[in-house]
Amino acid sequence: MLIKVKHSNKTHVEFCSKFSNLFLKEYYLNILENDIISEQFKFNDVEIISRDIKDKSRIFYLIQDKNEDKQAGYISFYKNQDILYISQIFILKNHRGKCLLKDIIEEIKDIALKSSFKTIGISILENKKKIQEIFKGQGFIKKENSAKYIGDNIYIYEDEFTYTV
């Protein structure tokens with residue numbers, strides 16, 4: 001179940017910030033050193049997340065594990081014309097393997113439909129094949145592979161996926 005985060009709910013914003021930083025370290029650990037991660041991804045601190053939610057440049061939802069009634073992670077989006085773009089999705093390790101992602105994808109589709117988006121987009125590291133397969137199984141189509149420059153002469157390689165609402 002997804003719970004929309006409001007900028008005024010400091011506990012929820014802090015949760016997103018804390019787990020966003022965990023996500024980045026885990027997701028990019030094999031690519032980047034910790035000091036580069038910290039420098040490149042400053043947009044995940046509490047003040048910036050709160051500001052982005054308030055000015056609607058990013059949308060955050062907490063992921064609630066319905067079986068355990070606990071916070072299991074978070075997801076963030078940004079809008080790009082008629083595309084709802086998933087910028088980060090993170091499920092805590094002890095909640096993985098419980099089919100949460102499939103349920104979350106269905107909720108994302110509902111959010112996009114209710115908000116009149118025509119497309120949902122996501123970039124997934126090219127070595128994250130299991131996650132890619134889950135999104136493909138939910139109707140997402142691989143569009144292209146891209147190299148993203150993130151500074152200090154470092155590129156990451158991601159596959160772009162879209163879903164037509």
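Strands, like helices, are DSSP runs numbered from the N terminus, with at least two residues (E) for a strand and at least four (H or I) for a helix. Please keep in mind that this is a predicted model, in which local features need pLDDT of at least 70, side-chain atom pairs count only at pLDDT 80 or more, and totals for chains, interfaces and linings use all residues. Residues are numbered from 1 along each chain as its sequence is written, and side-chain values use heavy atoms, leaving out hydrogens and water.

Let us start with the whole protein. You will find five helices and seven strands, and from the N terminus on they follow the order β-α-α-α-β-β-β-α-β-α-β-β. Of the 165 residues, 45% are buried, where buried means under 20% relative accessible area, exposed means over 50%, and partly exposed lies in between (1.4 Å probe, protein chains only). Contact here means heavy atoms within 4.5 Å. Among contacts between residues at least 6 apart in sequence, 57% join residues at least 24 apart.

Now look at helix H3, residues 46-54, where Ile49, Ser50, Asp52 and Ile53 are buried. Seen down the axis of H3, the buried residues fall within an arc of 165°, so they line one face of the helix; the arc is that of the directions from the helix axis to the C-beta atoms. An α-helix has 3.6 residues a turn, so residues three or four places apart point the same way. Just after H3, Lys56 takes a positive phi of about 65°.

Next comes strand E2, residues 59-65, which holds Asp65. Asp65 counts as buried because its relative accessibility is 1%. Leaving aside neighbours within four places in sequence, Asp65 is in contact with Lys70, Ala72, His95, Lys98 and Leu100. With one of these, His95, Asp65 makes a side-chain to side-chain polar contact at 2.8 Å. A polar contact is a pair of N or O atoms within 3.5 Å; within protein, one must be able to donate a hydrogen and the other to accept it, and residues adjacent in sequence count only if both atoms are side-chain atoms.

Finally, turn to Tyr149 in strand E6, residues 141-151. Tyr149 counts as partly exposed because its relative accessibility is 46%.
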